[in-house]
Every structure is written in C-alpha cells, then in structure tokens.
Amino acid sequence: MIDKKEIVELCLEKTQTRVDEIQVAIDAANDAIINDTKSSMGDKYETSREMAQQELSRLQSQLNQANRDLDILINLPESTNALVGMGSLVMTDQFNYLIATSIGPLKVGTETVMVVSKQSPIGETLFGKQVHDEVNFNGKTFKIQELR
C-alpha cells in the first residue's frame, strides 16, 4: 500500500537535494566571476563575465523555483478531502498521482507515483474530481478509485 507521508518525504528529500545542488552551482559561478575579474582584461573579459552573469541569473531563477516547490511540499495538507486538491494522493485504475509540485515519477516500493503540479495538464484534469469519477486524458479514460 502506498503511504502518502512517505511519498511527501521523498519529494522533500529530492527537492532539498535540488536546492543544495543549485546552491553549489551558484557558489561555483560566483567564484568563477571573482577569479575571472582578477585574471582577465579587455573584450574577452567582458564576454566571459557576461556569460557567467547570465548563468548566475539562470541558476538563481532555478533556486527560487526549487524553494517555492519546497514551500509547497512543506505546507501540503495532510487531511484527505472528498475532492482532488493540493496534497491529494489520487489512486486510479491505471496510474497514481500526488498533486503537489512537478517532480515526475517516484518509485515507492513496487509502485510508481506521478508527482504533478496543480497547473500541469493532468493536475488540472484531476483537480476537483472525486472517487468513482471517470477522467479522460490524452485519449485514455481511467477511473479514480481512492483519494488519500
């Protein structure tokens, strides 16, 4: 049986690892900018500094998103509702979904759970549905069997 709490813990671990990895990359990019400043001159310096700055901006954007994802996961409701909402573990006759953030497939024991955001196409399709509802998605029909 799939344990919702275990899935959320795995999501938190995976997202925290992502935050840590991005922070390491940001630190490396900052070091590169500082070292480049000390050793470069002329046009080559300006180009390389601009590229490093763009990389830093991209990484900062990724870090912001990862921190937002972490915040969503930390604040997921633990209770189960009659309708699919944030934090719902949706068990269907074909796939299982956790409505949280876009993480993708997670292996939990022998089961796979797709961790999707509310804004994803499948998240939008499932949101507000209830047990026994049939859902049509990508030309396939499946039935919600349980909400946890």
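Analyst: Two strands are said to pair if DSSP finds at least two bridges between them. Please keep in mind throughout that this is a predicted model.

User: What makes β5 and β6 a pair of strands?

Analyst: Antiparallel strands β5 and β6 are joined by 4 bridges, and because at least two bridges are required, they count as paired. One of the residues involved is glutamate 134, whose bridge partner in β6 is lysine 143.

User: How do you know that β1 pairs with β6?

Analyst: Strand β1, which covers residues 89-92, is linked to β6 by 3 bridges in the antiparallel sense, and since the requirement is at least two bridges, the two strands pair. Within this pairing, methionine 91 has glutamate 146 of β6 as its bridge partner.

User: Why is threonine 92 called buried?

Analyst: Threonine 92, a residue of strand β1, has a relative accessibility of 6%, and because buried means under 20%, the label applies to threonine 92.

User: Which residues does threonine 92 touch, and what does its side chain reach?

Analyst: Not counting residues up to four places away in sequence, threonine 92 touches Tyr97, Phe142, Lys143, Ile144 and Gln145. Its side chain reaches the backbone oxygen of phenylalanine 95 at 2.4 Å, while a polar atom of that side chain lies 3.1 Å from the backbone nitrogen of glutamine 94.

User: Why is lysine 143 called partly exposed?

Analyst: Lysine 143, which is found in strand β6, has a relative accessible area of 34%; because buried means under 20% and exposed means over 50%, with partly exposed in between, lysine 143 is described as partly exposed. Leaving aside neighbours within four places in sequence, lysine 143 is in contact with Met91, Thr92, Asp93, His132, Asp133 and Glu134. For one of these, histidine 132, the separation from lysine 143 is 11 residues in sequence and 6.0 Å in space, taken from C-alpha to C-alpha.

User: Is histidine 132 buried or exposed, and what makes it so?

Analyst: Histidine 132 lies in the loop between α3 and β5, and its relative accessibility is 58%. Because exposed means over 50%, histidine 132 counts as exposed.

User: Why is the phi of histidine 132 worth a remark?

Analyst: Most residues other than glycine have a negative phi. Histidine 132, however, has a phi near 80 degrees, a positive value in a residue other than glycine.

User: Where is asparagine 138, and why is it called exposed?

Analyst: Asparagine 138 is found in the loop between β5 and β6. Its relative accessible area is 68%, and because the cut-off for exposed is over 50%, asparagine 138 is exposed. In the hairpin of these strands, which has 2 residues between them, asparagine 138 takes a positive phi near 50 degrees.

User: How many cavities of 30 Å³ or more does the structure hold, and what is known of the largest cavity?

Analyst: The structure holds 1 cavity of 30 Å³ or more, and about 50 Å³ of space lies in the largest cavity. Among the residues lining the largest cavity are Lys4, Pro77, Met86, Leu147 and Arg148.

User: How is the lining of the largest cavity divided by class?

Analyst: That lining has 3 nonpolar, 6 polar and 2 charged residues. Lys and Arg count as charged, so Lys4 and Arg148 of the lining belong to that class.

Notes. Residues are numbered from 1 along each chain as its sequence is written. This is a predicted model: local features need pLDDT of at least 70, side-chain atom pairs count only at pLDDT 80 or more; totals for chains, interfaces and linings use all residues. Side-chain values use heavy atoms; hydrogens and water are left out. Buried means under 20% relative accessible area, exposed over 50%, partly exposed in between (1.4 Å probe, protein chains only). Contact means heavy atoms within 4.5 Å. On a 1 Å grid over the protein atoms alone, a cavity is a set of points where a 1.4 Å probe fits but cannot get out, and a pocket is an open set with protein on both sides within 12 Å along at least five of seven lines; lining residues have an atom within 4 Å of a point. Grid points are joined across faces, edges and corners, and a volume is the space filled by probe spheres set on the points. A polar contact is a pair of N or O atoms within 3.5 Å; within protein, one must be able to donate a hydrogen and the other to accept it, and residues adjacent in sequence count only if both atoms are side-chain atoms.
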